[in-house]
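Please keep the structure open while reading.

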Amino acid sequence: MEPQLPTIKNVFVNETDDDDPPALSSQALAALKEFLEEQRQSLANHETAENGEGTLEPESEVALVTEDWRLSQFWYDPETARTLSQEVLSLCSHSNYKVACIACPTLYAYLKKIDPNISVQLLEYDKRFEQYGSDFTFYDYNQPEDLPLELKHTYQVVIADPPYLSKECLEKVTQTISFLAQPRESHLLLLTGEVQRHRAAELLGLRACNFRPRHSSKLGNEFRVFTNYDPGERLGGWEQEQ
């Protein structure tokens, strides 16, 4: 919000003496100082975005549309979104890497906030996200491969968060992942309920990480993140198999 500057009549303390040079009142000086600080911070933020510096301060907020429970939308909490974003960025070892986010708009928003230059495609059913322009592709998991051909086998990193915890939904999202991912060279991350652990292993060969994703809505279901690669110490590492 821009500072409310004092009116002209209150700017100068020496209003009656035309011979004296005008001097700013303490109120005007405080407003001017606040304005200049805001301008400095705005410039610093702009330069950071242009340089693609991959950090996001804990207090930084990312604007998101309101969750629509009818579409089974539940956004990640900020810590989860930042952790996942940093993991994805760590996987993008080359500037030409491309990332696909299936039904996880929170992650898309945070990735673009941290690195505006990253190549990310959001596949989503909710057309409110058309605001992202060419980064948005309409996606209905019931038609898992009804997608533009230019997306086929294009992505080195694919993250999916199926909207439902059913076997049918995961099977269809698996088809979409296979459609998007580059064969033999892709990193896969699946965010879904603990109840899908065995299906995730069976369908995609994924293992659970120790990091536990959380949602702003405090869902009762236990959620996990599964990967097809060893994250090392990131994401808490792979969970030890029983």
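## Nonpolar cores

The largest nonpolar core has 33 residues, and V99, C101, L107, L111, V157 and I159 touch the most other members. A nonpolar core here is a set of buried Ala, Val, Leu, Ile, Met, Phe, Trp, Tyr and Cys residues joined through side-chain atoms within 4.5 Å. Buried means under 20% relative accessible area, exposed over 50%, and partly exposed in between, with a 1.4 Å probe and protein chains only. At least two residues of this core come from each of α3 (78-91), β1 (98-102), α4 (105-114), β2 (119-124), β4 (157-160) and β5 (187-193). The top contributor is α4, with 6 residues. A second, separate core holds 25 residues, including A100, Y155, V158 and A208.

V157 shows how the elements meet. Beyond four places in sequence, V157 contacts V88, L91, C92, Y97, K98, V99, A100, H187 and L189. Contact means heavy atoms within 4.5 Å.

## Model and confidence

This is a predicted model: local features need pLDDT of at least 70, side-chain atom pairs count only at pLDDT 80 or more, and totals for chains, interfaces and linings use all residues. Residues are numbered from 1 along each chain as its sequence is written, and side-chain values use heavy atoms, with hydrogens and water left out.

pLDDT is the predictor's confidence in each residue, from 0 to 100. Its mean over the chain is 81, and 70% of the residues reach 70 or more. Residues 1-22 stay under 50, and the model gives them 26 contacts beyond four places in sequence. Residues 42-54 are also below 50, with 9 contacts beyond near neighbours in sequence. Where pLDDT is low, the predicted coordinates should not be read in detail.

## Fold and totals

The chain has 6 helices and 7 strands. Helices (H or I, at least four residues) and strands (E, at least two) are DSSP runs, numbered from the N terminus. Along the sequence the pattern reads α-α-α-β-α-β-β-β-α-β-α-β-β.

Of the 242 residues, 43% count as buried. Among contacts between residues at least 6 apart in sequence, 64% join residues at least 24 apart. The accessible surface is about 14100 Å², and carbon and sulfur atoms account for 48% of that. Accessible areas come from the Shrake-Rupley method with a 1.4 Å probe; for residues, only the protein chains shown count as cover.

## The sheet and its edges

The 7 strands form an open sheet in the order β3-β2-β1-β4-β5-β7-β6, with mixed pairing. Two strands pair if DSSP finds at least two bridges between them. β3 (136-138) and β6 (207-208) each have a single partner strand, so one side of each lacks a neighbour in the sheet.

T137 is buried, at 9% relative accessible area. Leaving out neighbours within four places, T137 contacts Q121, L122, L123, E124, L147, P148 and L151.

## Helices and a loop

In α4, 8 of 10 residues are buried. They are P105, T106, L107, Y108, A109, Y110, L111 and I114. These buried residues pack against α3, β1, β2 and β4.

F179 sits in α5 (residues 167-180). It is buried at 6% relative accessibility. F179 touches E145, L147, P148, L151, K152 and H153, not counting residues up to four places away. F179 and K152 are 27 residues apart in sequence, yet 5.4 Å apart from C-alpha to C-alpha. By contrast, V195 is exposed at 62%. V195 belongs to the loop between β5 and α6 (197-204). V195 and K167 lie 28 residues apart in sequence and 9.9 Å apart, C-alpha to C-alpha.

## Cysteines

How many disulfides does a search of the whole structure find? It finds 0. A disulfide here is a pair of cysteine sulfur atoms within 2.5 Å. The closest cysteine sulfur to that of C104 is in C101, at 4.2 Å, which is too far for a bond. C104 is buried, at 2% relative accessibility. C169 is buried as well, at 0%.
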